[in-house]
Amino acid sequence: MIVVKVGGAEGIDYGAVAKDAAALWKEGVRLLLVHGGSALTNRVAEALGHPPRFLTHPGGQVSRLTDKETLDIFLMVYCGLTNKRLVELLQKEGVNALGLSGVDGRLLEGRRKTAVKYVEDGKVKIHRGDYTGTVERVNRALLDLLLEAGYLPVITPPAISYEGEAINTDGDQVAALLATVYQAEALVYLSNVPGLLARYPDEASLVREIPVEKVEAPEYLALAQGRMKRKVMGAVEAVRGGVKRVVFADARVENPIRRALAGEGTVVR
Ligand SMILES: Nc1ncnc2c1ncn2[C@@H]1O[C@H](COP(=O)(O)OP(=O)(O)OP(=O)(O)O)[C@@H](O)[C@H]1O
């Protein structure tokens with residue numbers, strides 16, 4: 001199994017991703033696609049007069065404040081436009097892709113975090129009423145059913161809480177969890193950069209490899225900071241959990257998945 005997460009930043013060539021995924025699928029490679037949608041969500045939110053807001057947590061991570069209106073916009077962009085366009089591109093390539101969110105069939109279940117700690121003006125504050133959470137359980141039986149019947153699953157956040165509410169959840173974590181559940185040969189993160197950059201946005205500073213056992217070493221620790229921390233530590237956890245390798249790679253090129261599998265990008269193993 002190969003799990004591919006297509007990021008939602010500007011500049012991603014969805015056509016190239018779909019073409020590559022379809023070719024691999026037809027060769028008999030088992031795939032799960034997960035996608036994001038953050039940049040488009042920001043644009044639609046602005047256009048609808050409900051601009052995006054982000055919270056910086058005490059640990060330094062940043063997340064989207066997800067109130068009821070934001071969740072509605074999130075559903076429109078992730079489950080609507082982004083998911084259906086990707087499914088359409090795959091259908092054009094002759095693959096019977098099937099889009100589903102974590103809400104459908106309780107595919108991705110997690111705990112809703114109603115109170116979220118964040119830092120503002122140097123003080124720790126609490127935001128209540130958020131619709132966010134972390135996925136803890138995957139409905140693998142549902143995915144197996146689809147895979148056995150020949151459908152290529154195209155999966156998107158949100159997830160569903162144990163109480164049955166849609167919750168915004170991190171797509172990177174979803175992909176890592178799916179890869180771990182399937183003990184995937186590879187987990188590929190496609191984005192609008194060539195991989196993890198030591199000095200973002202300098203593309204010449206691409207880090208070629210992160211050996212899991214050395215992730216705490218000073219040269220790698222610098223990379224696992226701020227916005228990238230969650231991605232790097234998620235990759236390390238996936239490898240520790242049995243995924244053979246994680247590759248962060250470019251989705252602005254032809255054959256992005258094949259290139260990533262050939263080692264172009266940042267390889268964590
Ligand atoms: N050190 C770094 N190395 C590589 N990319 C970085 C770094 N720091 C910040 N970035 C940025 O992080 C972004 C990763 O975004 P990605 O495509 O994975 O989507 P996302 O914003 O995580 O959300 P979603 O998947 O929900 O749309 C890239 O657009 C990249 O520009």
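This is a predicted model: local features need pLDDT of at least 70, side-chain atom pairs count only at pLDDT 80 or more; totals for chains, interfaces and linings use all residues.
Start at helix α2, which runs over residues 38-47. Which of its residues are buried? They are Ala39, Thr41 and Ala45, where buried means under 20% relative accessible area. These three cover an arc of only 165° around the axis, so they sit on the same side of α2. Now look at what lies over them: the cover of these buried residues includes strand β4 (62-64) and helix α3 (68-92). Just after α2 you reach glycine 49, whose phi is positive, at about 75°.

Next, turn to the ligand. It is surrounded by 18 residues, and the closest are Lys5, Ser38, Asn192, Tyr200 and Lys231. Which helix gives the most to this shell? That is helix α7 (residues 226-240), with 3 residues. Sorted by class, the shell around the ligand holds 7 nonpolar, 8 polar and 3 charged residues.

With tyrosine 200 the side chain takes part, as one of its N or O atoms is 2.7 Å from an oxygen atom of the ligand. How much of the ligand's surface does the protein bury? Taken alone, the ligand exposes 650 Å², and the protein buries 86% of that.

How values were computed:
Residues are numbered from 1 along each chain as its sequence is written. Side-chain values use heavy atoms; hydrogens and water are left out. Buried means under 20% relative accessible area, exposed over 50%, partly exposed in between (1.4 Å probe, protein chains only). Helices (H or I, at least four residues) and strands (E, at least two) are DSSP runs, numbered from the N terminus. The arc is that of the directions from the helix axis to the C-beta atoms. Contact means heavy atoms within 4.5 Å. A residue is near a molecule or strand if one of its heavy atoms lies within 4 Å of it. A polar contact is a pair of N or O atoms within 3.5 Å; within protein, one must be able to donate a hydrogen and the other to accept it, and residues adjacent in sequence count only if both atoms are side-chain atoms. Accessible areas come from the Shrake-Rupley method with a 1.4 Å probe; for residues, only the protein chains shown count as cover. Ala, Val, Leu, Ile, Met, Phe, Trp, Tyr, Cys and Pro count as nonpolar, Asp, Glu, Lys and Arg as charged, and the others, Gly among them, as polar.
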